[in-house]
Amino acid sequence: MRSPFRPDFPPDAAVLDDHKPLIRSLDRRGLIRGGVSLGALAMLTGCDVKRPEAVESALLAISRFNDGVQALLFDPNKLAPTYPASMILQPPKFNAYYDVMDVKPVNGATWRLEVSGLVADKRAWTLSDLQALPQTSMVIKHICVEGWSYIGGWTGVPLRLFLERVGADLRAKYVAFKTADNYPSSIDMASALHPQTLLALKYGGDTLADPFGYPMRLRTAVKLGYKNPKWVTAIEVTNKYPGGYWESLGFPWFAGI
């Protein structure tokens, strides 16, 4: 008996080519296994696989569903594993969407951290201002969506402390970041308030080196690597979805570990 779900004509597999980054990201997050077939996509979503925009819409819907499930399962009080200082990789592994030779160093003396959105105090912060705040250290694992990882030691200002200091609305949905290398990113407020989320100023006890985010980067133990922007220049607290660099290319937004 012929299945009523089988299409009359086999779809052209090439319609998925434009969506490979999103498919790979869903596969890495465990939402799909072994790739996705056009037939399975059509059965699961009811989309017209002959139209690329329908495929895009279906895949993004799956990704948003995945984000929602992760957000519901996230425990803001659960700590990620920590490691002894002897396991810190020196130097840390460089990762970006461009080669390390293309890094443009930031001048820490003139650098300013802009603050905007749902905060009471919107004054800009200097590096010395941040260094004067209470610091904490953690040795955690950096996990990349590509499958590799390393253990790093980070010191900096807990993001929660900073948000409280500037009078941020902690009921807001998002904390967004802009960077010197045009790599916007954002995280949910619950992850921003997690005790293992830092505005990192040091690595392995030393000031961050230029390729790794000097003078300040985000480092959180509860997100995949691409949610940890370097060379941060601005922080915004908002209820408007801010997206991010990789998210605009189809990668999941929540990206929890």
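Predicted model: local features only at pLDDT ≥ 70, side-chain atom pairs only at ≥ 80, totals over all residues.
Residues are numbered from 1 along each chain as its sequence is written, and side-chain values use heavy atoms, leaving out hydrogens and water.

**View 1. The largest cavity and its lining.** About 30 Å³ of space sits in here. A cavity is a set of points on a 1 Å grid over the protein atoms alone where a 1.4 Å probe fits but cannot get out, and lining residues have an atom within 4 Å of a point; the volume is the space filled by probe spheres set on the points, which are joined across faces, edges and corners. Look for Pro 92, Phe 94, Tyr 150 and Arg 217, among the residues of the lining.

**View 2. A cis peptide bond between Gln 90 and Pro 91.** Omega comes out at about -15°. Pro 91 belongs to the loop between helix 3 (52-73) and strand 1 (114-117); helices (H or I, at least four residues) and strands (E, at least two) are DSSP runs, numbered from the N terminus.

**View 3. Another cis bond, from Tyr 214 to Pro 215.** Here omega is near 5°, and Pro 215 lies in the loop between strand 7 (206-207) and strand 8 (217-220).

**View 4. Trp 231, with a positive phi.** Most residues other than glycine have a negative phi. For Trp 231, phi is near 50°. Trp 231 is also buried, at 2% relative accessible area (buried means under 20%, with a 1.4 Å probe and protein chains only).

Terms used: 1 Å grid on protein atoms, 1.4 Å probe; cavity = no way out; pocket = protein on both sides within 12 Å on 5 of 7 lines; lining within 4 Å. Buried < 20%, exposed > 50% of the residue type's maximum accessible area, 1.4 Å probe, protein only.
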